[in-house]
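User: I would like to learn how to read features in a structure like this one. Please take me through it, general idea before case.

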Amino acid sequence: MKVEHLFQTPLLKEASILAGRNGQDRHITNVSMMDAPDIGDYLNEHDLLVTTAYHFKDNPAMLTDLIQHMSDKGCAGIGIKTKRFLHEVPEEAAALADELDFPIIDLPAHISLSTIAAHLLSSMLDTRTSELQKAISAHQTFTLHIISGKDLQSLIVSVAATVNQPVFMLDHHARLIASSEPMPDVIDSFTTLYKRNYLFFLENTTHTTFSLLASPYTQITLFPIYTHESTCSYLAVAGKTDSFSSELVLTMEQAANVIAFERLKENALKQHQQKARNEFFINYLEGAFTTKEEIINRAKEFNLPNEEKYICVVGKVDRQEKWKSFTQSQLETSAVFDFIQGELSGFPFPPHLFIKGEMLIILLQADEHTGEAVSAITSVLKSLQAETKSYFQRTISFGISNITHQFLDVDTAFREARDALQTGQLSGVLESVQAYQTKDVAELLRVIPVEDLKEFYIHTMQQLGQAGNDDPTLLYTLAVYLETHCHISETAKRLYVHRNTVIYRLEKCEELIGKSLKDPEITLRLRLALRIRASLSMVD
């Protein structure tokens, strides 16, 4: 109880406050009686001391010292039977009490101190019992609410109705889960506080009350919800009162407990479902299914119809801090993936998330407009990268596949997205978003070892490719001849020479190569050999 409530008890209606009137909001949790001058050393925070002041009748200065000592300890106040020995409170003691907002109460002389102490303790016990009974009732009500199958949104509305204040709930990343009424400014403020790591003070606390600047609510009381997560979720009351009663605090604590168990249950179910999804997708990618029909039927179980079109996105946390342990790295990666899973609603297409080792796979049901789809997806991925960096101080890169026209082709889309991701990472750029592009001949040649390319060139060109015999005129004539699809007249026209000159040069090429230029297989190899020659810059 508070000091102000003391005067509302039947036994102490005749009591009055003599000094420290502004301290009547101090809490009383225990009542002590004075039996020695050094009683101050044995008092605790929120203690109310009742006394006859017998020890101060000849030395009023001792009362001033006791008031200072009790105020420093955070005691609730002092009740004195002034009419027994003291007759009046010394001016110095009253002035100090007013200065410290420390209540001095005049107790009725005809009531014994033991009766007063017993009465106040009994009254506090009755109040506490009533609060606990209401808390138990609230816990039962909230539990039945969840057991009946209602969601967290309706539970938050019920809690708000119980405490008669707006209530909202945030997850462990300060994202809104449910709210009894719209309050976007408040939610945005909490998101900012979370990003700046300003909510750390909630650790190991039951609740915390504070104010937000530029908020229509002058007071926010935040209750942490501890679950399986490394950081807590939050249940908050937004009100315009200066303080909340113990009854409201207990009610909110019960609501937080019920929500914690519900979140644990939801997480267990989510992890089970995600594990099943991951196993299916990994088995599909590794070719564990024997028939197309089996793949199609299993995919339907996870709401992945074969006739839909898909785009695959593969993400991976960039490795920057090599000094971190493998375990720490895995924990950070899991935290990033968990955060991204909560942001999937931001994609323009229905998303499906899978995890394969250190890779995050997002499968999106897309439409025909590949270019527009990739642009929209890239925009969301860029936003996710910025959020990830802000929340975790880590960077993540993504690869995006081409569009596929059925689920059976998603394995190809996965490889494309993975290759695009690797291309971006090989470039050395952090936070890359790379869309897959089909490799042209030059790109394909770059992935083949140089020695193998040289060997193919020499073997194909024979004497024409050997040092001293690689006549630029012959090679140029051969290249133009192949580019004109083996038309002699068109070749002569482009070279500004007579057709007989072209025929002579081509015959010379056949002689050096040892193969006929009329063989399509030979002309294909020659075209490839000339492309290799250009890529290696073997001859100017």
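Analyst: Start with the elements. Helices (H or I, at least four residues) and strands (E, at least two) are DSSP runs, numbered from the N terminus. Leu363, for example, sits in strand β13. Keep in mind that this is a predicted model.

User: Is Leu363 buried or exposed?
Analyst: Use the cut-offs. Buried means under 20% relative accessible area, and exposed means over 50%. Anything in between is partly exposed. Leu363 has 0% relative accessibility, so Leu363 counts as buried.

User: How many residues separate Leu363 and Val249, and how far apart are they in space?
Analyst: Read sequence separation and C-alpha distance as two separate numbers. Leu363 and Val249 are 114 residues apart in sequence. Their C-alpha atoms are 44 Å apart in space. Now try Lys389 and Val336. They are 53 residues apart in sequence, and 9.6 Å apart from C-alpha to C-alpha. Lys389 lies in helix α10, residues 370-392. With a relative accessible area of 44%, Lys389 is partly exposed.

User: On to salt bridges. How many are there?
Analyst: The rule comes before the count. A side-chain nitrogen of Lys or Arg must lie within 4 Å of a carboxyl oxygen of Asp or Glu. That rule gives 11 salt bridges.

User: Which residue pairs with Lys83?
Analyst: Asp106. The Lys83 and Asp106 side chains form a salt bridge at 3.4 Å, N to O. The pair links distant parts of the chain, 23 residues apart. Lys83 is in the loop between β4 (77-80) and α3, while Asp106 is in strand β5.

User: Are Lys83 and Asp106 buried or exposed?
Analyst: Take each partner in turn. Lys83 reaches 55% relative accessibility and so counts as exposed. Asp106 has 11% and so counts as buried.

User: Which partner does Arg175 have, and where do the two lie?
Analyst: Arg175 forms a salt bridge with Glu343, and the closest N and O atoms are 3.0 Å apart. This pair also links distant parts of the chain, 168 residues apart. Arg175 lies in the loop between β6 (167-170) and β7 (176-179). Glu343 lies in the loop between α9 (326-342) and β12 (351-356). Arg175 is buried, with a relative accessible area of 14%. Glu343, at 24%, is partly exposed.

User: Which residues make up the patch of negative charge?
Analyst: Like charges are joined within 9 Å, and the residues in a patch have no salt bridge. Glu4, Asp25, Asp98 and Asp101 gather in such a patch on the surface. Asp101 lies in the loop between α3 (91-100) and β5 (104-106). With a relative accessible area of 30%, Asp101 is partly exposed.

User: Last topic, the backbone. Where does Asn303 lie, and what is its phi?
Analyst: Asn303 is not a glycine, yet its phi is positive, near 60 degrees. Asn303 lies in the loop between α8 (292-301) and β11 (309-317). Its relative accessible area is 54%, so Asn303 is exposed.

User: What is the phi of Gln462?
Analyst: Positive again, at about 55 degrees, although Gln462 is not a glycine. Gln462 lies in the loop between α13 (450-461) and α14 (472-483). At 32% relative accessibility, Gln462 is partly exposed.

How values were computed
Residues numbered from 1 in each chain as written. Predicted model: local features only at pLDDT ≥ 70, side-chain atom pairs only at ≥ 80, totals over all residues. Heavy atoms only, no water. Patch = residues over 30% accessible without salt bridge, like charges linked within 9 Å, V, L, I, M, F, W, Y side chains within 5 Å. Areas by Shrake-Rupley, 256 points an atom, 1.4 Å probe, with all protein chains shown as cover. Lys, Arg positive; Asp, Glu negative; His and termini not counted. Charge placed at Lys NZ, Arg CZ, Asp CG, Glu CD. Buried < 20%, exposed > 50% of the residue type's maximum accessible area, 1.4 Å probe, protein only.
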